[in-house]
Amino acid sequence: MFDYKSKFKLIKELDWKLITIVTCIFAFGLMILSSATHATTGGSYLQIIKQGIAFIVGMALVIVILLFDYNFLGKHYKGLYIVSIILLLLVWIPGLGKDMGGARSWLNLGPLDFQTSELVKLTFILSYAKLVEEKKGKLNTIKDLIPLGLYAAPIILLLLIQPDLGTAIVFCCIIGGMLFTAGLNSKIIRNTIIVIVVAMPLMYMLMANHQRIRIDAFLNPENVSLPGNYQVMQSMIAIGSGGLTGKGLYEGTQNQNDFLPVQDSDFIFAVIGEELGLVGMLVIMVLYALFLIRMISMAREAKDFYGTLIIIGVMSMFAYQIIQNIGMTVAAIPVTGVTLPFVSYGGSSLMTSLANLGLVLNVGMRRKKINF
């Protein structure tokens, strides 16, 4: 029998601060998206409507996730791992998988294109956190890391084959955040950084051609013939012209005249800079900072280490995406197809971001024992 009374008591334990912060970020993003899509100046409201529907569906997913104790989900971590592999393999089925942006990462579901790696972020976090939980305080040698590395390797490899380097890096950040929290030896962290720096030339040679071109573009920003540099240059012009307070909402010339490419998704932060200026950019960055800090606080309050790792995994994912998107917009980081969480247009990205938020809320609402 479903115990409504117990569920109601748990709902009272929801972290409304985090929910309020995310709602503010989404509302801010929807306002900016209405400008980026020219919805109020003769364009279509279709993307705004789709984004709103995705938010509603995402919140429904949050509710469903809250119904299940995260430890119950953790008991099925092996099954979740298998589901992760299957989801990443589905994109290779002829007629079902779809190429977009140079990567075979999507499923063609009629009116909806769904990126399976977005859902895998959720299943992988639940699965990998369970494995890392058993290694707490026991990550002192490379030998200790081998089982964890072998567990993650098929996921990373399948992402690289697509090829989707940007998403693969997101997963590496999730893994890194969990391992650090579990007490990864500082010498291993130092040596890993050294190895990565030394191996960069070899990593560059092993990259796919379009990935090497992006690195070349980043190292030669003045060459607009290189893919990505035109977008970054237009982004910098847009942000620079915004000044302190911006040109005004719906008044950005780079945005409204379509000089700024992919302004509804990858470069939506530039729209904020042009139309709302430094003030607008600071507002969204402060909201993101509060968002990440709140999750760190919730991770500390979790009733068990598995819950802590789940929140840290989600937080690491969001932190990378925020830093990467803003960084590439201001030419500080090479361009990749990483969207700005809860702001950029994209139904599958928004829904799965909310689903991951549901995991955090799930851990938070069960942070202490409830007496019924």
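At what angle do H2 and helix H13 (residues 268-301) pack, and how far apart are their axes? The angle is about 160°, and the axes of H2 and H13 lie 10 Å apart. H2 is therefore roughly antiparallel to H13. Angles over 145 degrees count as roughly antiparallel, under 35 as roughly parallel, 65 to 115 as roughly perpendicular, and the rest as oblique. Axes are lines fitted to C-alpha atoms, for helices over the stretch in contact, and angles run from 0 to 180 degrees between N-to-C directions. Helices are DSSP runs of H or I with at least four residues, strands are runs of E with at least two, and both are numbered from the N terminus.

The model is predicted: local features need pLDDT of at least 70, side-chain atom pairs count only at pLDDT 80 or more, and totals for chains, interfaces and linings use all residues. Residues are numbered from 1 along each chain as its sequence is written, and side-chain values use heavy atoms, with hydrogens and water left out.

Back to the first pair. H2 passes H13 in a left-handed crossing. A crossing is left-handed if the near helix is turned anticlockwise from the far one by less than a right angle, and right-handed if clockwise. The contact of H2 with H13 (heavy atoms within 4.5 Å) has 22 nonpolar, 2 polar and 3 charged residues. Here Ala, Val, Leu, Ile, Met, Phe, Trp, Tyr, Cys and Pro count as nonpolar, Asp, Glu, Lys and Arg as charged, and the others, Gly among them, as polar.

Next come H5 and H6. The axes of helix H5 (residues 77-90) and helix H6 (residues 116-133) come within 8 Å and cross at roughly 150°. That makes H5 roughly antiparallel to H6. Their crossing is left-handed. On the H5 side, the contact includes Tyr-77, Leu-80, Tyr-81 and Leu-87. H6 contributes, among others, Leu-119, Val-120, Phe-124 and Lys-130. By class, the contact of H5 with H6 holds 11 nonpolar, 5 polar and 1 charged residues.

Now the sheet. Three strands form an open sheet in the order S1-S2-S3, with antiparallel pairing. Two strands pair if DSSP finds at least two bridges between them. Strand S1 (97-100) and strand S3 (112-115) stand at the edges, each with a single partner strand, so one side of each has no neighbour in the sheet. The twist averages 45° from one strand to the next. S1 and strand S2 (residues 103-109) pair over 4 bridges, and 4 bridges also join S2 to S3. Leu-107 in S2 stands opposite Gly-97. In S3, the bridge partner of Leu-107 is Phe-114. S2 and S3 form a hairpin with 2 residues between them. Gly-110 in that turn has a positive phi of about 75°.

H7 passes H8 in a right-handed crossing. Residues of H7 in this contact include Leu-145, Leu-148, Ala-152 and Ile-155. Among those they meet in H8 are Leu-165, Phe-171, Cys-172 and Ile-175. The contact of H7 with H8 has 13 nonpolar, 1 polar and no charged residues.

The loop between H7 and H8 holds Pro-163. A cis peptide bond joins Gln-162 and Pro-163, with omega about -10°. Ala-331 has a positive phi of about 65° although it is not a glycine.

Last, the salt bridges. The whole structure has 8 of them, each a side-chain nitrogen of Lys or Arg within 4 Å of a carboxyl oxygen of Asp or Glu. One joins the side chains of Arg-367 and Glu-13, at 3.7 Å, N to O. Arg-367 lies in the segment after helix H15 (347-365) and Glu-13 in the loop between helix H1 (4-11) and helix H2 (16-36), so the pair ties together parts that are 354 residues apart in sequence.
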